[in-house]
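Here is a briefing on one protein model. Have the sequence and the coordinates open as you read.

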Amino acid sequence: MSKLIIHQDKITNIEEFMAVCPFGALEKNNGRVEVNSACKMCGLCVKKGPAGAAELFKEEQAGIDKSAWNGIAVYVDHVNGDIHPVTYELIGKARELADKVNHKVYCIFMGNKIGDSAAGLLHYGVDEVYVYDYEELDHFKIDAYTAVFEDFINKIKPSSILVGATSVGRQLAPRVAARFRTGLTADCTILDIRENTDLVQIRPAFGGNIMAEIMTPNARPQMATVRYKVMNSPERKAEPAGRIISCKIGRECLESKIDVLGVVEKPKENLIENADVLVVAGRGVRAQEDLKLIKELADLLGGEIACTRPMIEAGWFDAKKQIGLSGRTVRPKLIITCGVSGSVQFAAGMNNSDYIFAINKDEKASIFKIAHYGIVGDLYDILPRLIEKIKASRRGI
C-alpha cells in the first residue's frame, strides 16, 4: 500500500500546487490542501510540486519465492476442439519469453474429446500440454472452468499465464486472477520478461496517451490477456515435440450451477479481422453519404470497409467495424486509411499490417509515422483518382 502526505507549510501557492495533479485529486478545504479518492499515487505532485510539499510513502510488501514458480503457460481457447488462432500466437510469444529465462512452455487445455486437438499443439513448440478431458467440460461454464484452471496452477505453478482476449478469456482470466490474489493486465500489446522472471506487460493507457509498463513483482502467477492478431504465430513443425499429460480432478470440482440448454451457431459474418484488405474511414470523411467512396475502393480491391471511433460515435458504422483497442485488432495484407489521424489507440489495433497506406491532408498526422506509404492531400481529391486508376488498369488502359 502507498500513502501520500501533504506538508502544508511547504506549499507556496495552493492553486498552482493543486493544478499539478491531472486527476483532480488535490482539493482545497478550509485553506488546506487535502487528497481525495481520485489519487492514483502516481507521484506527479511530488515531482512537479514545490520541494517537500508532497511525500509518497510506499509500504514494503512481502516477497514471494519466485524460484518456486516456473514456466510460461498458455490457455487453449477453443470451441469443440477447434482451437482459436490467438492460442497459437500466444504459444509463439510464450516460447520467446520462456527461452529468455530457460523455462518451459505449458498449455492448459480443458474440454471434452479434445485428445486429437491437444496432440496438434505439439507441432508448435510446446513442452507440455495438460489436458482435462471430461464430459462436464463439454461447454464453457465459468465456475467449472475456473476450478480446473485453479487446479492446474496449484499443481504446476507456472510463473506467467497468457490468455487470449476472447469472449471466454475475458471472463475466465479475471476469476482466476482473483482466486490467486494476483495481477492481471488486459489487452497487452507488448510482452517481455526480466531475468528474475518478472513479466513486463505493456499496453496503452489513459485513452492511448501513454504506454504503461506494468509488472506484478510480488505475486505469482503473473497474468496477461492479449488480443487476436497482436502477436506472431509460430510456424508449424513437421515433427511433434513435447508431451501430453492427462490430468485428473475431483468430479465435485466440475459441478456447475450453469446448465447449457443448447448451442445456436451465429451466422457467418465478413469480419474485418479476417479481411486481407481494409479501407478505413476516419474523421476526415465529412458526411455519411461520402462513405460510398470508401466502399467503392474496398469493393474494387476485394476488401472490407472499417472505421475509427469517431465514426461509431457518429452512428455511421456498426461497432464491429471499428479498429483500435476499444474496437477490433486487425492484421491485413493491405490497409488504406482515409482521413485517419492515427491515434495510439487506433495504431495499436492495426500497426502489424503488412502494408499501411495512409491518406491525410495534415502532413504532421501521426498515421504517417507508422505508414509504409503515404499521400498528403485531401481524400476527396485522391480517392476518385485512385479508383479511376484501378478501373483503368483493369480495362488495360
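This is a predicted model: local features need pLDDT of at least 70, side-chain atom pairs count only at pLDDT 80 or more; totals for chains, interfaces and linings use all residues.

Residues are numbered from 1 along each chain as its sequence is written, and side-chain values use heavy atoms, with hydrogens and water left out. Helices (H or I, at least four residues) and strands (E, at least two) are DSSP runs, numbered from the N terminus.

**Nonpolar cores**

- A nonpolar core is a set of buried Ala, Val, Leu, Ile, Met, Phe, Trp, Tyr and Cys residues joined through side-chain atoms within 4.5 Å. Buried means under 20% relative accessible area, exposed over 50%, and partly exposed in between (1.4 Å probe, protein chains only).
- The largest nonpolar core has 32 residues. Cys-107, Phe-109, Leu-121, Val-129, Leu-162 and Leu-191 have the most contacts inside it.
- Helix H3 (85-101) is among the elements that give two or more residues to this core. H3 supplies the largest share, eight residues.
- Phe-109 is in contact (heavy atoms within 4.5 Å) with residues including Val-76, Ile-83, Leu-121 and Val-131, leaving aside neighbours within four places in sequence.
- A second, separate core of 30 residues includes Ile-108, Tyr-132, Ala-177 and Ile-249.

**Helix H6**

- The buried residues of H6 (residues 167-179) are Val-168, Gly-169, Leu-172, Ala-173, Val-176 and Ala-177. They lie on the same side of H6 because they cover an arc of only 130° around the axis, taken from the directions from the helix axis to the C-beta atoms.
- Exposed Ser-167 and Ala-178 sit on the face of H6 turned away from its buried side.
- Cover for the buried residues of H6 includes helix H5 (142-156) and strand S10 (160-164).

**Strand pairing around S9**

- Two strands pair if DSSP finds at least two bridges between them.
- S8 and S9 pair in the parallel sense over six bridges. Met-110 has Tyr-132 of S9 as its bridge partner.
- S9 and strand S16 (residues 243-246) run parallel, joined by four bridges. Tyr-130 stands opposite Ile-245 in S16.
- Five of the six residues of S9 are buried.

**Strand pairing around S20**

- Strand S19 (residues 334-338) pairs with strand S20 (residues 355-360) in the parallel sense over five bridges. Leu-334 stands opposite Tyr-355 in S20.
- S20 and strand S21 (residues 373-376) run parallel, joined by four bridges. Phe-357 stands opposite Tyr-373 in S21.
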